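Please consult the sequence and the structure shown here alongside the text.

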Amino acid sequence: MCLSAEVSFGAAAFLIPAGIAAAATSVGGDRRYLMIATLPALFGLQQLVEGLIWTAGQAGDGARVDRYALIYMFFTWIVWPIWVPLSAYFIEKGGRRHVILPFIVAGAMLGGLQFIPYFVHAGWLTTNFLPWAVRYQDINLVDGLVSRWVTYAIYVAVVIVPFLLVRERAIKVFGLLVAAVTVTTYVFFSYAYISVFCFGAAVISVYLLALMWKKKTAIPGMSP
């Protein structure tokens with residue numbers, strides 16, 4: 001995340017238990033929302049990892065930086081492109097689920113192509129520390145086939161469009177918030193887009209916590 005290790009750890013300390021509580025609420029209520037309810041906790045775990053990257057960098061431990069960076073990118077390339085469309089898939093009912101399914105497949109394929117080569121090619125993932133952000137630079141397996149713009153366009157579509165396809169208005173709003181973070185990151189923070197985008201996504205996951213709380217209070221017999 002931007003800013004510092006302390007901010008990353010602080011975000012993790014809030015998001016992880018809050019996300020677990022939201023998931024527990026979903027289990028006791030409408031289980032279709034279980035996967036999306038866990039997103040804040042997952043964002044919190046990713047921010048915890050970035051806090052560890054900051055501290056390893058400050059200690060000059062390059063080996064730990066590399067290990068933690070791999071975990072961070074696991075969230076970026078594997079967790080989000082699969083978990084996000086899956087969470088929309090389980091919320092939606094009816095025919096639109098079939099429209100969301102290709103996004104799950106595309107996310108899994110893209111994530112695998114991007115992440116797995118890090119283990120085969122040394123130097124394909126590097127981590128640099130800026131004053132207020134961490135910059136992750138990588139070589140993508142498909143760079144020789146398509147432009148980075150194509151890769152990023154697929155990624156953005158996978159993590160935004162499924163939410164917009166869900167009929168429920170509150171979920172569409174979340175998709176629009178993710179889109180707003182994407183645009184803001186590109187315009188103002190392109191030099192460290194992965195770190196800043198995940199920071200923004202962690203911040204807007206508070207919206208999901210509020211949504212789960214609202215659903216909890218709307219269920220008869222469940223007190224706030």
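A crossing is left-handed if the near helix is turned anticlockwise from the far one by less than a right angle, and right-handed if clockwise. The model is predicted, so that local features need pLDDT of at least 70 and side-chain atom pairs count only at pLDDT 80 or more, while totals for chains, interfaces and linings use all residues. Residues are numbered from 1 along each chain as its sequence is written, and side-chain values use heavy atoms, with hydrogens and water left out.

Helices and strands are DSSP runs numbered from the N terminus (helices H or I, at least four residues; strands E, at least two). Axes are lines fitted to C-alpha atoms, for helices over the stretch in contact, and angles run from 0 to 180 degrees between N-to-C directions.

| Pair | Angle | Axis distance |
|---|---|---|
| α3 (residues 39–58) and α4 | roughly 160° | within 8 Å |
| α4 (residues 62–91) and α5 (residues 96–115) | about 170° | 8 Å |
| α4 and α6 (residues 148–165) | about 30° | 7 Å |

Angles under 35 degrees count as roughly parallel, over 145 as roughly antiparallel, 65 to 115 as roughly perpendicular and the rest as oblique. Accordingly, α3 and α4 are roughly antiparallel, and their crossing is left-handed. Contact means heavy atoms within 4.5 Å; residues joining α3 to α4 include Leu42, Phe43 and Ile53 of α3 and Tyr68, Phe75 and Trp83 of α4. By class (Ala, Val, Leu, Ile, Met, Phe, Trp, Tyr, Cys and Pro nonpolar; Asp, Glu, Lys and Arg charged; the others, Gly among them, polar), this contact has 18 nonpolar, four polar and two charged residues.

Helix α4 is also roughly antiparallel to α5. Among the residues that meet there are Phe74 and Trp77 in α4 and Ile104 and Phe115 in α5. The contact of α4 with α5 has 19 nonpolar, four polar and one charged residues.

By contrast, α4 and α6 are roughly parallel, and α4 passes α6 in a left-handed crossing. Trp80 and Val84 are among the α4 residues in this contact, and Tyr155 and Phe163 among those of α6. It comprises eleven nonpolar, three polar and no charged residues.

The buried residues of α5 (under 20% relative accessible area; exposed is over 50%, partly exposed in between, with a 1.4 Å probe and protein chains only) include Ile100, Phe103 and Gln114. Their cover includes α4 and α6.
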